[in-house]
Amino acid sequence: MSMGSVISAVSALAAISFDNEVRGLLTVLLGSAILMGSVWLIISTNTGFRLGSLIAISAIFGWTAMMALLWALYGIGLQGARPTWEVQAIHIGNPSVSDNEANPPPGILDDLPNPVTCPTLGNQDCLPKAIQVVRVLGDSSQRAEFNSIDAIAIRNEVNAFHDALADGDPRKLTGDEIEAEVQRLADEESIRNENLTLSELKGIAPNLTDEAERRGWLELGDWNLETTQAAGEAITAASDYLVQADLGFGATDEQSNTFVVLDAFQQGGKPERLNNGVWERVSNKVITSTMPRHPTNYTVVQVQRSVYKEPVAGRAPPPAEVDPEEPVISVLLRRNLGRFRLPGILVAIGSGLLFLVSLLMLHTRDLEVRRRLEGEGAAP
C-alpha cells in the first residue's frame, strides 16, 4: 500500500470522527451487525448456514413486528404527519350567505350569526356582548369580577410597588402621579372587561353562555361555541395564516397591523360527552370507537383589526382594543387528522407478513425433513 493511500484513509477516518451524522450512522450499523450477526453466527454454527439464516430472519421480523405494533399503539418510534388545522376559506364581514349575495361565503358559514355585537340582549341578528351576559345572568361574584373595578386594590398595589423603590429610582411616582397611574390601570382593566369575548366567557363560566343559548340570545344553528383554550391550536393556525396573507397584518410599516381574536365556533367531529357520569363516559367511548370514519371537524375563528396604541417605554403593552370601524374576518379551518400512526402500522403489517412467510418456510422444511427421514426408515 502506498503512502498516499494510507494518508487518504487516515484523512477519511479523521473526517468521520468530526461528522456526527456519519459517525452516528456507522455506530448504529456496526452495533446492529454485531448484535444480530453474533446471534446469527451462533445459530448457524449449530444448525447450519441455511437453517440458521432462516431462523435469524424469522426472529428479526418477529421482533420488528412487535416493536412496530408498540409504536402504533403508543405513538412513538417511526411517526407520520401530525394532526393539523388547515385554512379552507377566509371571509370578511357578515358570514351569512343571504346578506352577502355579491361576495358569498362558504355555505357552511351560513348558520353563523352576524359577528357584530348587539347593543342590547335578545337581538338574534347579531351576537350578544359577553359583558352584558355577565351583567344580566351572572351572580354577585361574577359581576364583581367583570363588571366593577376595585380601585382600592389597584391603589394598594401601586403604592406597595413604588414604596419598595429607592428614592432615587426614576420609576418612583408620588402624589398626583400615583393617582394618574391608578386611573390608567383602572381604565385598562375596564377595557379588558368590555372586550371579554363569548369564547372566553364560556371557558370561565359555561353556565352563562348555556343560559344565553337557552334564552335564544345566541343562535348558532349547527355550530357550537368553543372556548379559547379548546380552540388554541386552531387560533394559532389562523393567526399564522393571516400574518402571511396579503391582509396587512404583521407589516412593520402599518400602524394598525395587529388583530384581536374574538370568538371560535366548532362543527362536526366525534360527539363529545354531555356530562362526566359513568354511563355517559362508557357509551361515548363505545360510540366514538366504533365509528368507521372520523366525521369532518370544522372550526371558525373570528378576528378583528385592533386600534393602534403607541407603546410606552418601561410599561407593559396596553390591552388590545378592537377597531369598530373594521370588519370582522372569519377564518374557516378543517381538521386534518394526518397519518401519525400509519408508518408504525405499515411496518407492523409488513414485518408480520414476512414473519409468517419465514415461519411457513421453516414449517415446510420440517415437513420435508420428516418425510425424508420416514422414507429412509421404511427402506429395506
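Biologist: In which helix is the place of Asn-193?

Modeller: This is a predicted model. Asn-193 sits in helix α7, which covers residues 176–194.

Biologist: Is Asn-193 buried or exposed?

Modeller: Buried means under 20% relative accessible area. Asn-193 has 8% relative accessibility, so it counts as buried.

Biologist: Which residues does Asn-193 touch?

Modeller: Leave out residues up to four places away in sequence, and Asn-193 touches Ile-131, Glu-145, Phe-146, Ser-148 and Ile-149.

Biologist: Now the sheet. What is the order of its 5 strands?

Modeller: Strands of a sheet pair through backbone hydrogen bonds, in either a parallel or an antiparallel way. Here the sheet is open, the pairing is antiparallel, and the order reads β1-β5-β4-β3-β2.

Biologist: Which strands stand at the edges?

Modeller: β1 (84–92) and β2 (224–226) do. Each has a single partner strand, so one side of each lacks a neighbour in the sheet. On average, neighbouring strands here are turned by 30° against each other, direction ignored.

Biologist: How many bridges join β2 and β3?

Modeller: These two pair over 3 bridges, in the antiparallel sense. Strand β3 spans residues 259–268. Glu-226 stands opposite Ala-264 in β3.

Biologist: Which strands does helix α10 touch?

Modeller: Helix α10 (residues 232–244) packs on the sheet and touches β1, β3, β4 (297–305) and β5 (328–336). The direction of α10 makes about 55° with that of β1.

Biologist: Which residues form the nonpolar patch on the surface?

Modeller: Leu-342, Ile-345, Leu-346, Ile-349, Leu-353, Leu-356 and Leu-359 form it. Together they have about 610 Å² of accessible area. Ile-345 lies in helix α12, residues 342–378. At 36% relative accessibility, Ile-345 counts as partly exposed.

How values were computed. Residues numbered from 1 in each chain as written. Predicted model: local features only at pLDDT ≥ 70, side-chain atom pairs only at ≥ 80, totals over all residues. Heavy atoms only, no water. Patch = residues over 30% accessible without salt bridge, like charges linked within 9 Å, V, L, I, M, F, W, Y side chains within 5 Å. Areas by Shrake-Rupley, 256 points an atom, 1.4 Å probe, with all protein chains shown as cover. Salt bridge = Lys/Arg side-chain N within 4 Å of Asp/Glu carboxyl O. Helix = DSSP H or I, 4+ residues; strand = E, 2+ residues; numbered from the N terminus. Buried < 20%, exposed > 50% of the residue type's maximum accessible area, 1.4 Å probe, protein only. Pairing = 2+ DSSP bridges. Axes fitted to C-alpha atoms, helices over the stretch in contact; angles between N-to-C directions. Contact = heavy atoms within 4.5 Å.
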